[in-house]
Amino acid sequence: MKDKSIYKVEDFYTDFHNWLVTHGPKYLGGIIIFFIGLWVIRFLRNRLRTRMLKRGVHSSLQPFFLSLSITTLYILLIIWVMNIIGLEMTIFTTIIGAFSVAAGLALSGTFQNFAGGVLILLLKPFELDDSIIAQGQDGKVVSIQIFYTVLITADNKTVIIPNGKLFNEVIVNVTREGKRRLDFEVKIAYANDLDKVKTIIDNAVKNTDNLLHEPAARVGVIAMEIDSVRITINVWVEPANYLTAKIALMEKILKDFGANGVAFPKAG
């Protein structure tokens, strides 16, 4: 009479042999496909990196696109292998779906900023070193990241603006056209000789540094009030010289008015 343990060993080997014959080819095929897929993904990663460099894709976007593409390929490879070996996908799909919903709710603001950053880098409403006005801030763009943009203001403050808000609001790019119009007004009393005042302003414009002579400056009456005449002055400057030129011109006009006896409206 044979020992029961011998029967158990024989049953184990029989069951293992049957499983190997039935499922072994699928698992072997899945393993082979997995390693071939890893090699293909590594090959595609190098090709994708080279292609992005040739196409001039922004350096801030390259790591993201590369990571997203490769991660997607890895997920597809794993799902493919699981299908080959016959693993049940229902539970796996449910877990992934639940995680995606939770992550989407938690990171909705982050995704908005990310989408804004991608659109800014692709559509280029502004670039590095451009001066822009956005979200109530006026400054020079020193960094464009995936989630935020960094400005340096004229008084040397660092302003960090989330890209989601930045892209969905009005952006004024004061650098793109290469020049910017400087506008301001002065009030003078009615007793002044208007032609004399305009000549003084014209001379001040000609003798102030950092002003462009094309297009020509414009000086003229913009409004007549009860106690004064308002004169508008429009001159053109390079964007980087805007504030410096404005200060210099206003000071020059003020000094020349004083030297030539130009009267201002009386207070009150």
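**Cores, a buried aspartate and a sheet**

The largest nonpolar core has 22 residues, and those with the most contacts inside it are Ile-201, Ile-231, Ile-233, Leu-249, Ile-253 and Phe-257. This is a predicted model, in which local features need pLDDT of at least 70 and side-chain atom pairs count only at pLDDT 80 or more, while totals for chains, interfaces and linings use all residues. Residues are numbered from 1 along each chain as its sequence is written, and side-chain values use heavy atoms, with hydrogens and water left out.

Q: What makes a set of residues a nonpolar core?
A: Such a core is a set of buried Ala, Val, Leu, Ile, Met, Phe, Trp, Tyr and Cys residues joined through side-chain atoms within 4.5 Å.

Q: Why is Asp-256 called buried?
A: Its relative accessibility is 17%, and buried means under 20% relative accessible area (exposed is over 50%, partly exposed in between, with a 1.4 Å probe and protein chains only), so Asp-256 counts as buried. Asp-256 lies in helix α7 (residues 242–259).

Q: Why do β4 (158–162) and β5 (172–173) count as edge strands?
A: The open sheet of five strands has the order β4-β3-β2-β1-β5, with antiparallel pairing. Each of β4 and β5 has a single partner strand, so one side of each is left without a neighbour in the sheet.

Q: How do you know that β2 (residues 137–144) and β3 (residues 148–153) pair?
A: Two strands pair if DSSP finds at least two bridges between them, and β2 and β3 pair in the antiparallel sense over five bridges.

Note on methods: Helices (H or I, at least four residues) and strands (E, at least two) are DSSP runs, numbered from the N terminus.
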